[in-house]
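Reader: Please take me through the structure shown here, one question at a time.

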Amino acid sequence: MGLRWYHFALWGAFIVGLALLPELVSKGTLRTIIFANYLAIFAISWDVLSGRTGYISFGHPFLIGIGAYTTAILTKRFGVPVEVSIPIAVLTTMAGGLIVLLPALRVKGSYFAMITLAFMELIYQLVQVVRPDLTGGTRGMSGVPTLTRGAVNGFYLSAFLMVSVALTMWLLMRTRLGTALSAVGMNEESVRGSGLSATRLKMVAFLLSAAIAGLGGAFYIHYLGTIAPRALFEINFAFTIIVAALIGGASTIIGPVIGAFFLTFLLEYLRPYLPGAERYLIYGGVALLLYMYQPRGIYEVIRQGWARVRGLA
Amino acid sequence: MSFLDIDKLSAFYGKAQALHEVSLQVQEGEIVAIVGANGAGKSTLLDSVMGLTKTGGVIRLGDQVLTGRSSSEIVKLGVGYAPERFNLFPYMTVRDNLLVGAYTARDDIAHNLDMVHKLFPRLEEREHQETSTQSGGERQMVSLGRALMTSPRVLLVDEPTIGLAPKVCLEIAEVLRRLQREFGVTIVITEQNANFALSLAERLYVLESGHVTASGTVEELRDDPRLAEAYFGH
């Protein structure tokens, strides 16, 4: 897999850095980082599906929502313990991933993106009218059991999850499977011409993505303690995930993580100055500048900067 | 019986018929060229052998029937494909591009990689370069190399000279000859460039609007007006 000493060093430094954070920053910042951690998980999930295979999903909250609602309903309405409900949520989300896979067998590009958007709208409407006694209808649910108390514990749980997902996917994507998934994104015809099953590869990508989305969605909801359809199945949420992955560096693992932290902090630090939706103007501007300068994202900027530093040394 | 036997092959895109009962035989170890203008159905013919189109008729390789099988089975049975305009994975290194071809023949990776590097020493020098930054000739080499990574018994090459300088065309021709001579690979190419086809192949088929209009050895067809017609159009 081509592992080098500096890979271990960088991952080690990353993990140690995260573990020390609660000692270094305020509780408020820590709460912001928790959101960044979950956004990073969602961005990795999006990237496995869209960054690799090129099937751009505009409806990723569809998957996240399935995981979140499954565990919320099971724990709150049926008293199922989270040890059971979260694995069920992940499996249910994977089934949802197969639903998203169906159109990807026939259509590509913007058509696929539009269909995923429709999936998100569809579940948004359905959740409000089908069995509102279970889903909580338009209001959603509050009082979903939380797993942790306080910012520090919440941070450790989310950071542990994020690192586990990131490290697992990083290792997996360094295998030939990762290469093949990227190949699907670059030229699906040639993948088939080389004797690989594009369908099977897409299925793997969609199932992996769904599993991560389900896992992230479930833990996220057990952190928040509330679930509201309008906040979850929202186009801005979908775009934030996409922009996090793209701004950080699609088709990498650490890129979406960087992007998620960058976006979360950008939006959070702008809040005192621009409390309303104007903030999104700034973040749109930053994204635009970055794409003009380096379409491969922050990860590539850092990589090239590092190469230049090493070249000078 | 011939090695690659295409019998009354018809191919369809939806309701449009691109090939009309095309029959074509290739003997083991020979180089056969399919010559025709744009839209004659050359790429469709190769796509059909790979199981990528909807077809009627029968295609056999040795004693195996290829028709109705999946592309991945067809590759495993020994058909390698270097598609039109190379169709590489642009943001991957040369090496990764080659390795994507190697999924169906995992046990032969070292041997095949060695063969590719022998045929194209430049690919070994540039194995960490992204193919999007390479010249047309180098990309064609990667494309041929990727097809060779599948351990093919018969290699299908779609327009090997398209967009390449005459000097590079000669290099490609030389490599294809070495493949035939030293590695015993049977080769089927499609060409618009009739002169290139005449200089490389042993036998030719002329394809026009989905029909085979002429076939024969290089000597038989060299001065045939139908070849010129297919080449220059009407």
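This is a predicted model: local features need pLDDT of at least 70, side-chain atom pairs count only at pLDDT 80 or more; totals for chains, interfaces and linings use all residues.

Author: Residues are numbered from 1 along each chain as its sequence is written, and chains are lettered from A and ligands numbered from 1 in the order in which they are written.

Reader: At what angle do helix H3 and helix H10 of chain A pack?

Author: Helices here are DSSP runs (H or I, at least four residues), as strands are (E, at least two), numbered from the N terminus. Axes are lines fitted to C-alpha atoms, for helices over the stretch in contact, with angles from 0 to 180 degrees between N-to-C directions. The axes of H3(A), residues 60-78, and H10(A), residues 198-224, lie 7 Å apart, and the angle is about 50°.

Reader: Which residue classes form the contact of H3(A) with H10(A)?

Author: Two residues are in contact if their C-beta atoms, placed from the backbone, lie within 7 Å. Among the residues that meet are Gly65(A) and Ala68(A) in H3(A), and Ala213(A) and Gly217(A) in H10(A). Ala, Val, Leu, Ile, Met, Phe, Trp, Tyr, Cys and Pro count as nonpolar, Asp, Glu, Lys and Arg as charged, and the others, Gly among them, as polar. By class, this contact has 11 nonpolar, eight polar and no charged residues.

Reader: Which helix gives the most to the side of chain A that touches chain B?

Author: In this contact, 15 residues of chain A meet 21 residues of chain B. H8 (176-186) and H9 (188-193) of chain A each supply at least two residues of that side. With six residues, the helix that gives the most is H8(A).

Reader: How many helices and strands does chain B have, by secondary structure?

Author: The C-alpha atoms of chain B fill a box of roughly 45 × 40 × 35 Å along the principal axes. Its secondary structure comes to 10 helices and 10 strands.

Reader: Is Ser251(A) buried or exposed?

Author: Ser251(A) is in the loop between H12 (235-248) and H13 (254-270) of chain A, and has a positive phi of about 65° although it is not a glycine. A residue is buried if 20 or more other C-beta atoms, placed from the backbone, lie within 10 Å of its own, exposed if 12 or fewer, and partly exposed in between. Ser251(A) has 24 C-beta neighbours inside 10 Å, and therefore counts as buried.

Reader: Is Lys8(B) buried or exposed?

Author: Lys8(B), in strand E1 (residues 4-13) of chain B, has a positive phi of about 50° although it is not a glycine. With 12 other C-beta atoms within 10 Å, Lys8(B) is exposed.
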